[in-house]
Amino acid sequence: MSTSDYDPACLPDLLPIYYRRLFFPFSQYYRWLSYGGVSKNYFQNREFSFTLKDDIYVRYQSFTSQNELENEMQKMVPNKIDIGAVYSHRPSQHNAVKSGTFQALEKELVFDIDMTDYDDVRCCCSAADICSKCWTLMNIAIRILDRALREDFGFHHLLWVYLGRRGVHCWVCDDAARKLSVAARSAVAEYLSLVKGGEETVRKVVLSDPIHPFIKLPLFLLVILSVVERYFQQYTIVDQDILGSKESVDKVLALLPEDIKKDLAVSYKDEKDPMKQWDQLCDLVERKKSNSRKGGQYFDKEIMLQYCYPRLDVNVSKGVNHLLKSPFSVHPKTGRISVPIDLKELNTFDPFEVPTISLICEELERPRADEAEEDDKKDKENEQEAGERHRIRDYKRTSLAKYVKVFDWFLEAMARSRKGEMLKKSDLQMDF
């Protein structure tokens with residue numbers, strides 16, 4: 001994975017610039033986690049954790065205001081920032097609270113999708129490495145989960161974030177989502193989980209009558225045909241070449257019952273074109289299904305799901321007090337910023353184009369044509385105003401600006417929603 005000219009050894013020198021020159025969007029960040037002042041001490045009771053230089057891990061950080069958060073981050077210069085739950089008391093004072101009373105009350109419903117969980121179904125890369133071919137899996141995951149969370153659960157405010165290396169997070173920020181119990185979070189995560197089993201499990205997706213509630217007909221057709229089938233042949237048959245060698249063919253055939261496996265083993269001796277081989281598999285499954293008295297048989301769909309369906313870390317979604325990497329953190333290995341993803345531009349989102357901390361610091365130093373004119377104007381301003389203009393200008397001069405704009409749009413949508421809810425409540429009160 002190319003990271004331009006980023007050198008991890010330079011991170012300690014670059015992070016102070018990142019936090020002090022307003023690259024980190026403190027104002028939007030505070031606005032997000034305050035949720036319009038939804039309740040007293042909501043932001044103050046939020047836990048943050050910082051990973052400092054030499055992997056020093058500091059938990060139970062909390063702040064009374066945006067200024068305190070900003071000052072502390074500029075002072076501590078964390079290599080990584082994690083966000084936790086909103087607690088019953090200030091996390092920084094948790095040792096002074098009576099035993100048993102310090103409780104996690106709320107947190108966004110979160111989902112973690114890591115490319116390493118797909119290592120058994122991708123041939124192009126492994127472990128932490130990614131490429132444009134396997135990044136398709138993240139596109140599929142985002143499209144499927146975003147649709148399900150909106151249409152099946154009625155959530156509206158979903159913040160999708162690229163983590164800076166090999167995965168994505170989804171923060172579901174609706175009031176109802178933040179208030180979900182552990183049991184409810186587990187139920188949502190399990191509902192969305194189809195790929196199950198560890199390394200020793202060969203057939204990780206099993207569809208039988210009745211089918212999993214998430215993919216019952218006609219929703220089954222919607223999910224499979226509108227998302228997975230849109231990507232499947234290009235991604236698996238072409239890019240991953242899953243029928244291109246005896247080893248990879250055997251891996252696919254292992255997911256089928258013996259009678260279908262034997263028939264295909266014979267036909268594949270004469271047919272070597274991977275696309276036609278896949279068509280033969282689907283045709284054979286369809287014929288067996290028509291002749292079967294056992295009900296639905298979806299072996300071809302199971303293969304498609306096993307190779308393409310989102311693989312969730314259910315434990316991340318279950319816990320209210322689970323800490324999760326913050327948007328706009330810097331990945332220490334790649335130097336890339338953890339940025340929001342604009343779903344309207346999902347097909348063109350390129351993780352390799354996400355700026356590194358070294359790039360935005362370099363962009364800051366590039367001269368602009370209007371620099372001299374602005375400097376002349378600054379001489380006529382007082383020092384405080386000039387400093388503020390400089391900070392705003394610094395932020396907008398880098399390639400990070402477009403990702404902060406996506407964050408702004410997300411926050412504006414939440415603000416409009418809150419305003420709409422307040423108007424509804426006001427109208428109801430007037431009716432009474």
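At what angle do the axes of helix H1 (residues 11–20) and helix H13 (residues 357–365) cross? The two axes cross at roughly 60° and come within 10 Å. The model is predicted: local features need pLDDT of at least 70, side-chain atom pairs count only at pLDDT 80 or more, and totals for chains, interfaces and linings use all residues. Residues are numbered from 1 along each chain as its sequence is written, and side-chain values use heavy atoms, with hydrogens and water left out. Helices (H or I, at least four residues) and strands (E, at least two) are DSSP runs, numbered from the N terminus.

**Helix packing**

- Axes are lines fitted to C-alpha atoms, for helices over the stretch in contact, and angles run from 0 to 180 degrees between N-to-C directions.
- H1 and H13 are oblique to each other; angles under 35 degrees count as roughly parallel, over 145 as roughly antiparallel, 65 to 115 as roughly perpendicular and the rest as oblique.
- The crossing of H1 and H13 is left-handed, a term for a near helix turned anticlockwise from the far one by less than a right angle.
- On the H1 side, Leu11, Leu14, Leu15, Ile17 and Tyr18 meet Ile357, Ser358, Ile360 and Cys361 of H13, where contact means heavy atoms within 4.5 Å.
- The residues of this contact of H1 with H13 comprise eight nonpolar, one polar and no charged; Ala, Val, Leu, Ile, Met, Phe, Trp, Tyr, Cys and Pro count as nonpolar, Asp, Glu, Lys and Arg as charged, and the others, Gly among them, as polar.
- Helix H10 (residues 274–291) and helix H11 (residues 299–308) have axes that come within 8 Å and cross at roughly 135°, which makes H10 oblique to H11.
- Trp278, Leu281, Cys282 and Val285 of H10 make the contact with Phe299, Asp300, Ile303 and Met304 of H11.
- The contact of H10 with H11 has seven nonpolar, no polar and one charged residues.

**Salt bridges**

- The count comes to 21 salt bridges, each defined by a side-chain nitrogen of Lys or Arg within 4 Å of a carboxyl oxygen of Asp or Glu.
- Arg59 pairs with Glu47 in a salt bridge whose closest N and O atoms are 2.8 Å apart.
- This pair links distant parts of the chain, 12 residues apart, with Arg59 in strand S2 (residues 56–61) and Glu47 in strand S1 (residues 46–52).
- Arg59 is partly exposed at 30% relative accessibility, whereas Glu47 is buried at 0%; buried means under 20% relative accessible area, exposed over 50% and partly exposed in between (1.4 Å probe, protein chains only).
- Lys246 forms a salt bridge with Asp250, their closest N and O atoms also lying 2.8 Å apart.
- Both Lys246 and Asp250 belong to helix H8 (residues 246–253), four residues apart, about one turn of the helix.
- Lys246 is exposed at 65% relative accessibility, while Asp250 is partly exposed at 36%.
- Between Lys261 and Glu258, the closest N and O atoms of the salt bridge are 3.1 Å apart.
- About one helical turn separates Lys261 and Glu258, because they are three residues apart in helix H9 (residues 258–270).
- Lys261, at 22% relative accessible area, is partly exposed, and Glu258, at 48%, is partly exposed.
- A network of salt bridges links Glu106, Asp175, Arg178 and Lys179.

- Ser326 is in the loop between strand S8 (324–325) and strand S9 (339–340).
- Ser326 counts as buried, with 0% relative accessibility.
- Not counting residues up to four places away in sequence, Ser326 touches Tyr29, Ile81, Asp82, Ile83 and Ser338.
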